[in-house]
Amino acid sequence: TLPFDSTKPARELAAGYASDIWRDAETKVDWVYAVRDFTPSSAGAIEGKILVRFQLHDPAVEETVWKRTPLNPDNIQLSRDGTRASGQFPWPTGGYMDLENGEWEKLVHGCWPPYAPDNSHVAWVFDGAHRNLSLFSTRTEKKWKVKLTSAPGTEGKELYHPRWTNHPRMLALTGPYQGVKG
């Protein structure tokens, strides 16, 4: 951790690539979710074998959350109730984990698969063209697509880094980018 006021030195909490922090609404305990046991990958994205969680203020309290498939550490995001999480199993397989029953579902190939910041249980996967979001209700199995390149100046261009805000109907992106060849 690194204090915001920089008066104290940073300290290591535990091993792994921290992917998300989630607060249990009932206990008020903050959990850090981290990917560990990285393996070489030819896919162009880092891959780990295990997802653990540990308490932010007591890192010795730790649990294994996932070890069924390889996964990428970026864009693992939990639902507000902590029962599901987005992920890549591994890249470019975008999907979500049902943490209650230990199952996972592939949604589509793509990247940046976040989970909605509320309890709507909606996830998206950004398409390979970087122009559309494929959204999925992981409760009702409803699917829909949102074209992101209809705003002036974005036609035919790529967008990157889609992130949900704290509100489920608002997101942020970077771009537009012209695309690079070679």
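Predicted model: local features only at pLDDT ≥ 70, side-chain atom pairs only at ≥ 80, totals over all residues.
Visitor: What makes β8 and β9 a pair?

Guide: Bridges do. Two strands pair if DSSP finds at least two bridges between them. Here five bridges join β8 to strand β9 (residues 132-137), so the two count as paired. They run antiparallel. A strand is itself a DSSP run: E, at least two residues, numbered from the N terminus.

Visitor: In what order do the strands of this open sheet stand?

Guide: The order is β8-β9-β10, three strands with antiparallel pairing. β8 (122-126) and β10 (143-147) are the edge strands. Neighbouring strands are turned by 25° against each other on average, direction ignored. For such angles, axes are lines fitted to C-alpha atoms, and values run from 0 to 180 degrees between N-to-C directions.

Visitor: Why are β1 and β4 called edge strands?

Guide: Take their sheet. Four strands form it, open and antiparallel, in the order β1-β2-β3-β4. β1 and β4 (58-66) each pair on one side only.

Visitor: How many bridges hold β2 and β3 as a pair?

Guide: Eight bridges link strand β2 (residues 30-39) and β3, in the antiparallel sense. Arg36 stands opposite Ile50 in β3.

Visitor: How do you know that Val52 is buried?

Guide: Set its value against the cut-offs. Buried means under 20% relative accessible area, exposed over 50%, and partly exposed in between (1.4 Å probe, protein chains only). Val52 has 2%, so it is buried. Val52 belongs to strand β3 (residues 47-55).

Visitor: Which residues does Val52 touch?

Guide: Leaving aside residues up to four places away in sequence, Val52 touches Val32, Tyr33, Ala34, Arg36, Glu62, Glu63, Thr64 and Val65. Contact here means heavy atoms within 4.5 Å.

Visitor: Why is strand β5 said to be largely enclosed?

Guide: Count its residues. Five of the five in β5 (residues 84-88) are buried, so the rest of the structure largely encloses this strand. Arg84, Ser86 and Gln88 point one way, Ala85 and Gly87 the other way.

Visitor: What do β5 and β6 form together?

Guide: They form a hairpin with four residues between them. Five bridges pair β5 with strand β6 (residues 93-98), in the antiparallel sense. Gln88 has Gly94 as its bridge partner in β6.

Visitor: Where does Pro90 lie, and what is its peptide bond like?

Guide: Pro90 sits in the loop between β5 and β6. The bond from Phe89 to Pro90 is cis, with omega near -20°. Another cis bond joins Gly175 and Pro176, where omega is about 5°. Pro176 is in strand β12 (residues 171-177).

Visitor: What makes the phi of Asn75 worth a look?

Guide: Phi of Asn75 is near 70°, a positive value in a residue other than glycine. Asn75 is in the loop between β4 and β5. With 8% relative accessibility, Asn75 counts as buried. His130 also has a positive phi, about 60°, and is not a glycine. His130 lies in the loop between β8 and β9. Its relative accessibility is 10%, so His130 counts as buried.

Visitor: What is called a pocket, and which residues lie nearest the centre of the largest pocket?

Guide: On a 1 Å grid over the protein atoms alone, a pocket is an open set of points with protein on both sides within 12 Å along at least five of seven lines, a 1.4 Å probe being used; lining residues have an atom within 4 Å of a point. The largest has 13 lining residues, with Leu78, Tyr115, Ala116, Pro117 and Asn166 nearest its centre. Its volume is about 250 Å³, taken as the space filled by probe spheres set on the points. Strand β1 (residues 17-23) gives the largest share of the lining, three residues.

Visitor: Which residues lie closest to the centre of the second largest pocket?

Guide: This pocket has a volume of about 200 Å³. Of its 15 lining residues, Leu135, Trp144, Trp164, Pro168 and Arg169 are the closest to the centre. β8, β9 and β10 each give two or more residues to the lining.

How values were computed. Residues numbered from 1 in each chain as written. Heavy atoms only, no water.
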